[in-house]
Structures are given as C-alpha cells and as structure tokens.
Amino acid sequence: MSMNLVIIALVALVCWSTVKGTTPRRLEWFDVSDGSALCNDFTRAGYFLLRQNTSDRWIIFLESGGLCYSNETCNRRFFVSEVSRRFNRGESEQNNILYENFDPAEAWNETVVSGREAAVDVVSPYMTSMRCFENKTDYFPDGFSVQGTDILDRDCEENPLFCDYNHVVVPYCSSDGWLGNEDDETRSNTAADGECTQCFDYNQQNGCFRYDPRSESIQFTYRGRRIFMSVIRDLLAMG
C-alpha cells in the first residue's frame, strides 16, 4: 500500500480541541495494538483518528509537551501545573515558573492520598494515557473524541491544503521527545499483562503502577519511539 504522509512533530500548534464545534465528524480514540507501547505510568498509549476513506494521504500530528530528565524532574512533572503552582514554596518569579521548590510528596499526600482530590484532577495528561480522562467532561464535553482545528480542520475553506487528508493526533505521554524505546520489563511494577489495567489506581494492591513521590529510583517508563512506531504500524494495517 502506498501512503502519502505528512508528519508534524514537536511543534507548538494547537491542532485539536475538546471544545464543541460545528463540524460533525470528529477524531475518535483508538488504543495502540502493541501492548508494550506505554505512557510514563505504564498505561496503554493511543491516538485520535478521523478517516477519509477516499484518500491515501495522511497527516499525523505528534503532540509536543516538553520532557523530564531525572527522577526529580519527572516526579515534579507528574502533576498538572495548577497543583504545582499551589504547592510550590518558591518566592521568586523564576521559581514560580520552574517549580523548583515544589514538593511532589506534599502535593500527592495533600490531594490524592488524603482523598480531597481525584487523581484525574491532579495527574498530568503528559504522563498518562488520554483514555484516563475519558469521563472527564471538561476534557471531552462531547464524548471521547476531539475536534480537529487548524491543519486538522475538515473545513476546506479554512484548511485547503489538508482538509481531505486522513487526520491523526497522537497525544504525548512519554516525556522523552518521542525518542525512548525502553523494553526492560523487569523494572516494570505493573500488572501481569504488561500494562496498568485501571487508570489512576495508584498505590493500590492490584499489581498496578505505584507512584512514590519520594522514590530515588526510576519508576516511570519512557517509550515515545515505541508509541510512534506502533501508531504507524496500526495505520498501515488499516489499508
């Protein structure tokens, strides 16, 4: 099969939105078929897709979102920015941006462990599967799908170059610039089937990922390249 691909990677464009739109056709979620293509917290990665059955042209948008490079920075990244700001003890403007005085353990204990806030309101979507947000109405007001905008807009007046392409959005959840290809299953603290079976079920005795904000060892996995390759294989298999 011949596929004409346009891959937009690591750019600061906003090409998908969860806001209600006038175009009825939306990008729908698919889990990747490769069970080892996992987000930072070992949840199954996936992608949003809108097919144009008469076209063999594809535009694939890889979401950007920064990265983390140590256990300390990844523990800080694990939280949404609102929580990081709230629990940051820094006084300077620089610290308020970088959250250098943010204590992940304090934030985790005062929110999720205490039961005051649900994990879905605390955990960053840049480190877990978007499927974990499936029932969060402020993310998906119209159901578990997204509306394409800009280069993923279906309106040919607004987007004459790419409106008739097959549109794909791959949410970023690996914190590694789409480069990681870790395959060390011996380090995984996940369920027996190789992935977390229930989103945000952290610190429970079910074999799922256990987040420890005080851990000095690497507790996340980094598989951005594997996620990307799995998405490409899935799309090729669709014909």
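**Notebook: disulfides, rings, a strand and a helix**

I began with the cysteines: cysteine 39 is joined to cysteine 173 by a disulfide, S to S 2.1 Å. The model is a predicted one. I looked up the handedness of this link next. The torsion about the S-S bond is -70°, and the link of cysteine 39 and cysteine 173 is left-handed. I then placed the two ends in the chain. Cysteine 39 sits in the loop between β3 (27-31) and β4 (46-50). Cysteine 173 sits in the loop between β7 (166-170) and α5. The two are 134 residues apart, so I note a link between distant parts of the chain. Cysteine 39 and cysteine 173 are both buried.

How many disulfides does the structure hold? I count 2. Cysteine 68 and cysteine 74 make a disulfide too, with sulfur atoms 2.1 Å apart. Here the torsion about the S-S bond is about 90°, so I log the disulfide of cysteine 68 and cysteine 74 as right-handed. Are these cysteines buried or exposed? Cysteine 68 has a relative accessible area of 8% and is buried. Cysteine 74 is at 1% and counts as buried.

**Confidence**

I checked pLDDT before going on. The protein chain averages 79, and 77% of the residues score at least 70. Low pLDDT means the predicted coordinates should not be read in detail. I leave the details of both stretches alone.

**Aromatic rings**

I searched the whole structure for ring pairs and got 18 aromatic pairs. One of them is phenylalanine 79 with tryptophan 108, edge-to-face, 6.1 Å centre to centre and 75° between the planes. What does this pair tie together? Phenylalanine 79 lies in the loop between α1 (71-77) and α2 (81-87), and tryptophan 108 lies in helix α4 (residues 104-113), so the pair ties together parts 29 residues apart in sequence. I looked up burial for both. Phenylalanine 79 is at 4% relative accessibility and counts as buried. Tryptophan 108 has a relative accessible area of 1% and is buried.

I turned to phenylalanine 140 and phenylalanine 144. Their ring centres are 4.8 Å apart and their planes stand at 80°, so I log this pair as edge-to-face. Phenylalanine 140 and phenylalanine 144 are both buried. They belong to a cluster linked by ring pairs, together with Trp29, Phe48, Phe133 and Tyr139.

**Strand β6**

I checked both faces of β6 (residues 145-148). Side chains in a regular strand alternate between the two faces of the sheet. Ser145 and Gln147 are on one side, Val146 and Gly148 on the other. All four are buried, and both faces are covered. Which way does β6 run against β3? The two pair in the antiparallel sense, over 2 bridges.

**Helix α5**

I tested the length of α5 (residues 224-238). I listed its buried residues: Gly224, Arg226, Ile227, Phe228, Ser230, Val231, Ile232, Asp234 and Leu235. What follows α5? Glycine 239 does, with a positive phi near 80°.

Technical notes. Residues are numbered from 1 along each chain as its sequence is written. Side-chain values use heavy atoms; hydrogens and water are left out. pLDDT is the predictor's confidence in each residue, from 0 to 100. Buried means under 20% relative accessible area, exposed over 50%, partly exposed in between (1.4 Å probe, protein chains only). Rings of Phe, Tyr and Trp (its six-membered ring) pair if their centres lie within 6.5 Å; planes under 30 degrees apart count as stacked, over 60 as edge-to-face and the rest as tilted. A disulfide is a pair of cysteine sulfur atoms within 2.5 Å. Two strands pair if DSSP finds at least two bridges between them.
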